[in-house]
Amino acid sequence: MKSLRRAIDVAHLVETDAVLLHPGQLPVDGTYEDAWDDFLVSMKEIAPYAEEKGVAVGIENVWNKFLLNPKEAREFVDAVGNDWVGIYLDTANMMFYGYPEHWIRGLQHRIKRVHFKDFVRQQRTFVPLMDGDTDWAEVMKGLRDIGYDRYVIHEVGGDRDVQIEMAKRMKQIVAM
């Protein structure tokens, strides 16, 4: 929580209005309900501070055995009950067990930011944008349908040439 508060402070200072929060890994000891309750208390505690600073907290959907579908993520965000806590949607992180367009429709206004990333299900591997199984036309349609008009960024590693190519592909995706 101390690190999240500091991230909100830094975001406020550099005049950006959202931070990404990786919710951690669900361990084998303890229970899912305990993790839910503990995280909910933490998010309810930080929400007024995020609102005061004008910096949304976007909880990223990650492979952590927690908040693994859009219904559950929506219920969690709604339980927090503050618009300054939402989801930082990663388009590839659910591809092993779901579809980004389902998450977009299910989460709607709760999506604070979006990572573009691609994934090949059969090989279970992340790949450059437009080289995987993501239906980018459906993703863009979904984002438009819910009125998402904020930034999208890609989360693809690589050298300068790769980054230039990903920028070109992002332009293609956004134009769909």
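Colleague: Which residues line the largest cavity?

Modeller: This is a predicted model, in which local features need pLDDT of at least 70 and side-chain atom pairs count only at pLDDT 80 or more, while totals for chains, interfaces and linings use all residues. Residues are numbered from 1 along each chain as its sequence is written, and side-chain values use heavy atoms, with hydrogens and water left out. On a 1 Å grid over the protein atoms alone, a cavity is a set of points where a 1.4 Å probe fits but cannot get out, a pocket is an open set with protein on both sides within 12 Å along at least five of seven lines, and lining residues have an atom within 4 Å of a point. The lining of the largest cavity consists of Pro23, Ile59, Glu60, Asn61, Val62, Asn64, Phe66, Leu67, Ala73, Ile87 and Trp103.

Colleague: How much space lies in the largest cavity?

Modeller: A volume is the space filled by probe spheres set on the grid points, which are joined across faces, edges and corners. The count is one cavity of 30 Å³ or more. For the largest cavity the space is about 50 Å³.

Colleague: Which residues lie nearest the centre of the largest pocket?

Modeller: The largest pocket has a volume of about 170 Å³. Its lining comprises 13 residues. Those nearest the centre are Pro23, Gln25, Leu26, Pro27 and Ala35.

Colleague: Is Leu68 buried, partly exposed or exposed?

Modeller: Leu68 is in the loop between strand 2 (56-60) and helix 3 (70-80), these elements being DSSP runs numbered from the N terminus (helices H or I, at least four residues; strands E, at least two). Buried means under 20% relative accessible area and exposed over 50%, with partly exposed in between (1.4 Å probe, protein chains only). Because its relative accessibility is 32%, Leu68 counts as partly exposed.
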